[in-house]
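Please read it alongside the sequence and coordinates shown here.

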Amino acid sequence: MSQPDHHGRYSFENKNFLCTLESFERETLGRFGRLFRDLKPLYSVPPALSKLGAVGGPMDGGATPKLTNAVPLGMIFFGQFIDHDITFDTTTSFSSINDPQQINNTRTAQLDLDCVFGGGPEDEPFMYNTGDAGLLLLTGKTNKNFDQSPTLEKNDLPRSGRGTAIIGDPRNDENRVISQLQLAFIRFYNAVYTDIKNAEPGLRPNQVYEKARELVTWHYHWIILTEFLPTMCGKGLVQDILGNGRVCYRPTLHAFIPVEFSVAAYRFGHTMIAQDMNLRTGGARHSIFSPEFGQGFAKVKSMDQVIDWETLFDFDGSYQRAEKLDATLAPILLNLPFIPSPNPDDRSLATRNLRRGQSFLLPSGENVAAAMGRHATEVDRVRNFVKTRTQASGTDLSAGTPLWYYILSEAEEIGRQDGPSDFTPGEGLGPVGGRIVAEVLIGLMELDEQSFLGSNRDWVPTLGANGAFTMKDLLVKAGTAVEL
């Protein structure tokens, strides 16, 4: 029989994933992609993922905080800010296989602060002041927010009459820290713009804007390269990449966001978020889902909701520490209060992450580690750690460890690479997770001709002091911004 519709001759939508992996071999502009295109996907039976991420299960961190020695809690939110700058997936689900090439990334795969600047003053003029002061980004005060006192306006984002933030990415209003960090970047740009305008009065407003945007963006890149990545991935690993080049993130056509990064490695911050935190020096501690902190997309209602940055970043050593980067999450994250589903799997952030990794056909952590050249004894250490941690709950991961859970486990068991053979458990990502995160972020900068790594490798910061520039310097500078 030769009929094309004979049983066994039907094609089906995702056959290429599971048989040939053909679609893994190329990357498409504006879409997600893969790092390890030759590795077969791991399949974990759903009950195992449910047990792993359940309340009281292997990933339940318990009520007693386990804090890092020297990782500022603010760095985890800065990591979230970076994520919002480069990724935005609005279409995928857990219940179907997701093809990275078919998923539109509505952010650019560039660290260009489009979440702050939007499309610029020509495309989105409603985000900018157009008066004599020049093309400053609006704050709550310059916008004259409805039904807000001048003091609160000064400390809030510009908002519509309904309270919606007028910013480049709506997600940067989803909690109070990320909202205030968005405002800090707006004010940092405004301060830099004013400095350039005063120093070069002959420039037209759009010329000042272009110079100020580049200067702000390059200082942002400097913080990522010299502060964020060494803190989260290890100075030794970052120096190895800068000295010997990238080995796993090597795009052939376009810069892209790999799903091993966005769906697994870069979700490390979920383990480092404290269940309760201070927003102000000497203030009360608040739950991450409290009205004061976590119920975002609303205007600032009191000074208690305005962040004292000294509590979150290293100004004088008295900052709040992040939770350890380990294979557990704060209990509240395993039973998310804002998810109405009766299914515990839907309410557990851990299980949601594991389900998402499965839907993207991610390979096992062990296979990724081997493909990156990690020694078999190290991989065995992580595998044995996983087995010991999960056996009491009857969680069967004998087919392989989900990539996200492997990365968390190696952070706890192996630790951050601070030197060639110097590893610090719990303080940052291990060798697999750290390399994925550092190579992708460094690669995005190196492949961007608008960044200093992609255009002028002789550049050093002109702000800060002695060629150094940190988050503290950015936040201090933001505090000098003109108030109209």
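## Packing of α9 and α17

In this predicted model, the axes of helix α9 (residues 205-233) and helix α17 (residues 431-446) come within 10 Å and cross at roughly 175°. Since angles over 145 degrees count as roughly antiparallel, α9 and α17 are therefore described as roughly antiparallel to each other.

On the α9 side the contact is made by H221, I224, L225, F228, L229 and C233, and these residues meet G434, V437, A438, L441, I442 and M445 of α17. By residue class, the contact of α9 with α17 comprises 10 nonpolar residues, two polar and no charged.

## Cysteines without disulfides

The structure holds zero disulfides. C233, which also takes part in the helix contact described above, is in no disulfide, and the nearest cysteine sulfur, that of C248, lies 11 Å away. C233 is buried, with a relative accessible area of 0%, and C248, at 14% relative accessibility, likewise counts as buried.

## The surroundings of P58

P58 is found in the loop between α2 (46-52) and β2 (67-72), and with a relative accessible area of 8% this proline is buried. When neighbours within four places in sequence are left aside, P58 is in contact with K51, L52, A327, T328, R389, T390, S393, T395 and Y405. By contrast, E310, which is 252 residues from P58 along the chain, has its C-alpha atom 34 Å from that of P58.

## Salt bridges

A search of the whole structure finds 21 salt bridges. One of them joins E446 to R246, with the closest N and O atoms 2.9 Å apart; because E446 lies in helix α17 and R246 in the loop between α10 (235-244) and β3 (257-258), the pair ties together parts that are 200 residues apart in sequence. E446 itself is partly exposed, with a relative accessible area of 26%.

A further salt bridge is formed by E366 and R383, whose closest N and O atoms are 4.0 Å apart. This pair links helix α14 (residues 365-371), which holds E366, with helix α15 (residues 376-390), which holds R383, the two residues being 17 apart. E366 is buried, with a relative accessible area of 8%, whereas R383 is partly exposed at 36%. E378 forms a salt bridge with R374, the closest N and O atoms being 2.9 Å apart; here E378 is buried, with a relative accessible area of 11%, while R374, at 25%, counts as partly exposed.

Methods
Residues numbered from 1 in each chain as written. Predicted model: local features only at pLDDT ≥ 70, side-chain atom pairs only at ≥ 80, totals over all residues. Heavy atoms only, no water. Axes fitted to C-alpha atoms, helices over the stretch in contact; angles between N-to-C directions. Helix = DSSP H or I, 4+ residues; strand = E, 2+ residues; numbered from the N terminus. Parallel < 35°, antiparallel > 145°, perpendicular 65-115°, else oblique. Contact = heavy atoms within 4.5 Å. Nonpolar A, V, L, I, M, F, W, Y, C, P; charged D, E, K, R; others polar. Disulfide = S-S within 2.5 Å. Buried < 20%, exposed > 50% of the residue type's maximum accessible area, 1.4 Å probe, protein only. Salt bridge = Lys/Arg side-chain N within 4 Å of Asp/Glu carboxyl O.
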